[in-house]
Amino acid sequence: MEAVRRNGSPEVNRSMEPHITSQKKYRRYNKYIPALLLLLPLLLLIIGFFIVPMLYILYLSFIQTDGLDTSNASYSLMNYTRFFTDSYYLSSLWLTIKISLYCVIVSLLLAYPVALTMSKCTPRVRGYIALLVASPLLISIVVRNFGWFLLLLPNGMIHRTIGSLGIDSSSLRLLFSETGVVIGLSNSFLPFMILAIATSLYNIDPSLEKASAILGASPLRSFFSITLPLSLPGVVSGSVLVFSLSMSSYVTPALMGGANVPVLPVVAYDQMINLMQWTYGSAMSYVLLGVTLFLVTVFTRSMERSRFKEVFR
Amino acid sequence: MQALVNDVEIRGAFKKYGSNIILNGINLEVKQGELLTLLGPSGCGKTTTLNLIAGFLEVEQGEVLIKGKRVNDVPAYKRDLGMVFQTYSLFPHMTVYENLSFGLSIRKIAKEEKNRRIGQALELVRMTGLEGRYPRELSGGQRQRVAIARALVVQPKLLLLDEPLSNLDAKLRHELRAEIKRMQKEVGVTTIFVTHDQEEALSMSDRIVVMNQGQIEQIGTPTEIYANPQSEFVFNFIGKSNQLSGRIQTVSSHMITVVLEDGEQLFVDPDNIMGADKSCAAGDPIKLYIRPEKVTIDPGSSTEPYFNHHTARITQMNYFGSTWEIEVSLLGEFMHAIHPVIKPHWKIGSEVTLGWKPSDVMAALK
Ligand SMILES: Nc1ncnc2c1ncn2[C@@H]1O[C@H](COP(=O)(O)OP(=O)(O)OP(=O)(O)O)[C@@H](O)[C@H]1O
Ligand SMILES: [Mg+2]
């Protein structure tokens, strides 16, 4: 009796409910179908040419093998332990981080004044500057690097100019050095930094500066107390962008640094293409990805918890 | 002893943007401790005038004096003023305490004195206990109070307020109006208050400056401005008004007779002609203005010899709680009368007699 009732009464409900909910669900998801259809081509592209290869590389990185033969391979963390126990690879990682940090600092220092100027201009002038700032992006990175290459050559224009001032520049190594790579990378990524900072400067209410002035703050003080803190979101996003791009860049370090500047993407490329060490190269790529993500996360989190946390809300 | 110098003086200020003349020869004196309102329609140059005093703008001609000193070339941050902006402009990355201590730190005030003054300022605006809040965590009215406290805490020479209440709802606006007035008197700081709300200006100010198209129309106490407007613009801008036009029939030293289109005769006090030039002659066209609250409906017989009467038909009756606004049609124009009774016995369509005193009519010559 008990059992029948227990089963009996829910029976009625169950027969009703699924009907209603399925109809509701159908209606609820119905409106997403057009959007989904529109997104489908891109989704397929991303899955097919990004997610699947990334997963395949992740899979490769756990294979313990010599060369390309994966037929009788076993799975292990060997590739990763090899990386973290070999000082050559660790120093390459450190070099990559160092160069990326330099790039962030250099592009920050160069970008901020430009962004500040843009924020003070009339919209028309601002548009022209933005176009000018973005114009390098229209030129292939190889062409741009080649330009720098010519300028930085030991008998190139920069060395000759310094020489003509009577200064001995023979000890200064611009090309095939970290300096050259930092110059090339900062130049490439400067537009991103400028636009990121400018965007957050535009969003600052201009009356705040007036308020600060009327309270007695000199323009310099207003800048450091009001404008700079309030532009931090742009500084942070620009820095993250430039840092990640620098960490993963291959062409510029390869061209402008060569064998003297073995950053991790160059080393990983070497392992995979020249030495046919697919599995080890894959592991390196994932180390690079992991370290970049980790550093970026730590950086943004710490900014969001700093004394300027209110700015990031 | 009264102070001999005015706290602020503007002499012949002239300002244009491109070819648009924004301020056309402004002359203004602000007395010590008074609350002066700049009142005028949108775009008439109120903010521009305030920015001129604050030091955010430069004039093409004329000069600005603060406490007797010419400040044309003194930048805003050296003028030692307090200002409250329409959008509050609290520093979003600073707590209430930090917002208030900003100006004090610049003035290198010692910590104890600073805390004492911040405490006092927050007490003045009734915001004690919210020192640790960020502006984001405050309501609109609270932000406005903090903005006022931030301006006052530095003990400025002058307090400038640019439409500080226009972003608030009606109830809060009324509350803060009274509070700003109270605080201003309590602190005694000379204050310039910008508004386009005539009610706000009338209720708060010691004196009102009515501006129109970059010029000052009239300066006076609220009662002077309301009861004795010196131009048509001022009359129409302050309060509601009824308008009639006619032609002068006879002029004498104590009374002018005007004939309306329908032949009815009205009496006007010659002192009530607005503007400097009060000379007129029979046959001149004239415009008459009467405040709705001065119009009586069915006045009965009056003892005054020149009392004005006119019949009209009621077209609408609007209820405002404490009063009725009665609309009548007269010579094709709508006239309004404010009637303070509980329930009038007239209906829409009733024929009534309107009455008003010659001294309650303001006149403008064309
Ligand atoms: N930067 C500017 N460039 C050109 N014209 C301006 C500029 N700032 C203000 N104006 C013009 O100056 C006139 C006066 O402006 P102002 O801001 O003083 O008006 P306001 O009386 O404060 O009006 P509101 O009540 O709307 O604030 C307006 O016609 C405005 O269009
Ligand atoms: Mg304004």
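**View 1. The lining of the largest pocket comprises 14 nonpolar, 4 polar and 5 charged residues.** Here Ala, Val, Leu, Ile, Met, Phe, Trp, Tyr, Cys and Pro count as nonpolar, Asp, Glu, Lys and Arg as charged, and the others, Gly among them, as polar. The model is predicted, so local features need pLDDT of at least 70 and side-chain atom pairs pLDDT 80 or more, whereas totals for chains, interfaces and linings use all residues. Residues are numbered from 1 along each chain as its sequence is written, chains are lettered from A and ligands numbered from 1 in the order written, and side-chain values use heavy atoms, without hydrogens and water. The largest pocket holds about 550 Å³ of space, and of its 23 lining residues A:Lys120, A:Pro206, A:Glu209, A:Lys210 and A:Thr227 are the closest to its centre. (On a 1 Å grid over the protein atoms alone, a pocket is an open set of points with protein on both sides within 12 Å along at least five of seven lines, a cavity is a set where a 1.4 Å probe fits but cannot get out, and lining residues have an atom within 4 Å of a point.) In chain A, α4 (87-120), α8 (178-202), α9 (206-214) and α10 (219-230) each supply at least two lining residues of this pocket, and the largest share, 5 residues, comes from α10(A).

**View 2. Ligand 1 is surrounded by residues of chain B, including B:Tyr17, B:Ile22, B:Thr47, B:Thr48 and B:His196.** The surrounding shell (heavy atoms within 4 Å) divides into 3 nonpolar, 6 polar and 2 charged residues, and helix α1 (residues 46-54) of chain B gives the most to it, with 3 residues. Oxygen atoms of ligand 1 lie 2.8 Å from a side-chain N or O atom of B:Lys46, 3.0 Å from a side-chain N or O atom of B:Glu163, and 3.2 Å from a polar backbone atom of B:Cys44. Taken alone, ligand 1 exposes 640 Å², of which the protein buries 58% (Shrake-Rupley method, 1.4 Å probe).

View 3. (Helices, H or I of at least four residues, and strands, E of at least two, are DSSP runs numbered from the N terminus; a volume is the space filled by probe spheres set on grid points joined across faces, edges and corners.)

Key:
Polar contact = N/O pair within 3.5 Å; in protein donor to acceptor, adjacent residues only side chain to side chain.
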